Structure formats: C-alpha cells, structure tokens
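Hello,

Here is the structure for you to look over. My notes follow it.

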Amino acid sequence: MPYFLAYFFCFWSIDYFFVLLCRISIWILARILAIDFGEKRTGIAVSDVLQLIANGLTTVDTSQLETFLADYVAREPVECFVVGLPKTLRGEPAAITAKLLTFVEKMRRRFPHIPVELVDERFTSKMAFQAMIDGGLKKKARQNKAMIDQVSATIMLEEYLERRRQ
C-alpha cells in the first residue's frame, strides 16, 4: 500500500508541476505592445513572446485604434501597453498630450488587467527617419508617414525593453 501511495503522489506532483508551469509560461509568453499615438495615424509595434525583440506591427488610423487593440488583445496575450508621451524639447506637454491622456484613460478602463506605461517619445520620429535612411530605403519609401510612425513605435519599444533588461 505505501508503494501505491508513493506512486500516486509522484504522478500528482508531476501533474501539478506541469499545470503550474503552463500557467507561468502563459504569463511569461505575453507580448508588450507599443503605441506611437498621433492625431491621424498611430504606429504600433510589438515584442516577441520572449520580450527580447521589438517588431513594427502596423499603422492604424487613430479613429480605429480602440477597435484594433480590442481585436489584438483577444487574439494575443499582452502583458502591458507602452505608450509614447509627447513632450516638447523643454519637457513640457505637447499639444496632443491632452488627447493622448484621454485615450490612455479609456484604455485603462477597457483593459483593466493590462498596465499602461507612458514613456518619453521625444526624437523617436527623427531616429526612425534616420534608421530608414541607414537601412537604405529610397526617398519615396521614406516619405511614407505611416512607416515612420511604425518605426517610431518600434524604437520606443526597443528602448523600453532595453531599460527593463538593466
């Protein structure tokens, strides 16, 4: 009889360990989504499931952003939203900041289980444009403002991931 109990508890503990591991891996394998908010367009970038690499995902019309985020969160686990906070060179809020903060409050109400982190987005557009030049994109492709927004979101996410690793 003791042999049977030891056999039973051995399998129970392995099973319990597997369930626990699955729950942890679901939490760990969530992506981080970065948002470069604009009046007309919003650039979206997303991390890989290991949260090591930032990839540009798409550019969405700002009017369709809530719908896009709801659809994305329904398909993919998201650990947090990283939203670029626009500031002037002096560190003061930019003209669009009030609109952005209103949108962030809507996000926090709609997705209460996903934290929203605001990060400084100064110079990301200029860095994105320079990255496009360095990457060898032709002048016509660099004039695509949707691409610049997407690359800006990717740069924001890369910087966020780098800060988290330190």
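Helix 3 contributes the most to the lining of the largest cavity, with four residues. This is a predicted model, in which local features need pLDDT of at least 70 and side-chain atom pairs count only at pLDDT 80 or more, while totals for chains, interfaces and linings use all residues. Residues are numbered from 1 along each chain as its sequence is written, and side-chain values use heavy atoms, without hydrogens and water.

The cavity

A search of the whole structure finds one cavity of 30 Å³ or more (a set of points on a 1 Å grid over the protein atoms alone where a 1.4 Å probe fits but cannot get out). The largest cavity holds about 40 Å³, taken as the space filled by probe spheres set on the points. Its lining (residues with an atom within 4 Å of a point) consists of Glu-66, Leu-69, Phe-103, Lys-106, Met-107, Arg-110 and Phe-111. Helix 2 (65-75) and helix 3 (97-110) each supply at least two of the lining residues; helices here are DSSP runs of H or I with at least four residues, and strands are E runs of at least two.

Strand 4

Strand 4 pairs in the parallel sense with strand 1 (residues 31-36) over five bridges (pairing requires at least two DSSP bridges). Strand 4 also pairs with strand 5 (residues 116-120), in the parallel sense over five bridges. Phe-81 stands opposite Leu-33 and Val-116.

Regards

Note on methods:
1 Å grid on protein atoms, 1.4 Å probe; cavity = no way out; pocket = protein on both sides within 12 Å on 5 of 7 lines; lining within 4 Å.
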